[in-house]
Amino acid sequence: MYCVREVTKDLYWVGANDHRTTLFENIHPIPRGVSYNAYLLLDEQSVLFDTVDWSACRQLLENLEHLLGERALDCLVINHMEPDHGASIEELLRRYPNLKLIATEKAFMLMRQFGFHVDGHELVEVKEGDTCTFGGHTVTFIAAPMVHWPEAMLTFDRANGALFSADAFGSFIALDGKLFNDEVAFDRDWLDEARRYFTNIVGKYGPHVQKLLGKAAGILDQIKFVCPLHGPVWRSDLGYLIDKYDKWSRYAPEEQGVMIAYASMYGNTEAAAQALAARLCEKGCTKVAVYDVSNTHVSYLISEAFKYSHIVLASVTYNLGIYPVMHNFLADMKALNLQNRTFALVENGSWACKSGDLMQKFIDEEMKNMTVLNERLSMASSLHADKAVELDTLADAIMDSMRT
Ligand code: FEO
């Protein structure tokens, strides 16, 4: 059965929702699903903007057949060639052999690398600033390299104000009938998953996103719809969305608050983390989030690290090193280029307490623009009452640092 939504006159969402895939990119859990968005413009020519994951190809085909009727599909614009969007290209070429493919040079290169048989079809290579007319609609192509792959571009249709934004402004969570940002409680129900999507997928490429935001600023007054490849279409509150993207891509915290991530083997480091959280709350901090790195997928930890201004790492020493899952969290923060945070450290070790020095070394030497507070809480096996002053001193140092 077809399942389409009208975005605006002559423009339709023809994508699909996916609740079966458990791991996006086979690594990030998506318990609330994901949508693969594709959009069909019915002008003098029919134009599809991107395709969908192979698992959703049948739904896309039914949607197209419903809207096209006897018409053929004339053009396919590929803004992003990653297979969660590009995988259905070859099937469309089989069904619509006269389909004209419009993409960047690198996108065509990737199609061939992935083994798609595109040669022999009409291929139109476009670059920044090029335009294409389909009848009443003329679109302009905007290069967006590394948002999130090197071939990515955005397409802007001045006639209806639709910006096809590829992965930019996307989110995890299946749409399930909803389409627009004003049909969901975004800040309450979607923001955490939008941040988790951005920070884990595109987070590394902040400077490229900043460049793209600069280009978008030039046409902001003309944008009426932001049509990403995942998540809701934005037709209001663009300032809210752009503010979030600006903060995330500048590695600026969204909230003055404290994330406490602990790595605990027998519950003693966990108890110290809980005691610190209670002290912080007692002292008036209203934003404290505590996570066990052993049972929280690192994609959630990354999202929270991008959200908060302060991060407490509490780790046992393991084989004279940092506890492996904590080390993995540090490595992921580094890989995703997180910057401009203040860290506090809590260390534990029963006979050779090393984790504090090692975490400090990692932050100082491997990460950019980070501050580590001098106050450190150290314990041998477990935290005893004689450490109450040190615990309080650490909480005070974090509170003081949040005020400056
Ligand atoms: Fe949703 Fe970079 O693909």
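A: Let's start with a term: a residue is called exposed when its relative accessible area is over 50%, and buried when it is under 20%. Keep in mind that this is a predicted model.

Q: Is Arg 188 buried or exposed, then?

A: Arg 188 has 67% relative accessibility, so it counts as exposed. Its salt-bridge partner is Asp 189, with the closest N and O atoms 2.8 Å apart. Asp 189 is partly exposed, at a relative accessible area of 28%.

Q: What should I look for in a salt bridge, and how many are there in the whole structure?

A: Side chains of opposite charge can pair when their charged atoms come close. Searching the whole structure turns up 29 salt bridges. Take Glu 254 and Arg 195, whose side chains meet at 2.6 Å, N to O. Glu 254 sits in the loop between α7 and β17, and Arg 195 in helix α5, so the pair ties together parts 59 residues apart in sequence. Both of these residues are buried.

Q: Which residue forms a salt bridge with Asp 396?

A: That's Lys 283, with 2.9 Å between the closest N and O atoms. Asp 396 belongs to helix α12 and Lys 283 to the loop between α8 and β18, so this pair links parts 113 residues apart in sequence. Asp 396 is partly exposed at 32%, and Lys 283 is partly exposed at 27%.

Q: Which residues form a nonpolar patch on the surface?

A: Met 265, Tyr 266 and Tyr 318 do, with about 360 Å² of accessible area together. Met 265 lies in the loop between β17 and α8, and is partly exposed at 35% relative accessible area.

Note on methods:
Residues numbered from 1 in each chain as written. Predicted model: local features only at pLDDT ≥ 70, side-chain atom pairs only at ≥ 80, totals over all residues. Heavy atoms only, no water. Patch = residues over 30% accessible without salt bridge, like charges linked within 9 Å, V, L, I, M, F, W, Y side chains within 5 Å. Areas by Shrake-Rupley, 256 points an atom, 1.4 Å probe, with all protein chains shown as cover. Salt bridge = Lys/Arg side-chain N within 4 Å of Asp/Glu carboxyl O. Helix = DSSP H or I, 4+ residues; strand = E, 2+ residues; numbered from the N terminus. Buried < 20%, exposed > 50% of the residue type's maximum accessible area, 1.4 Å probe, protein only.
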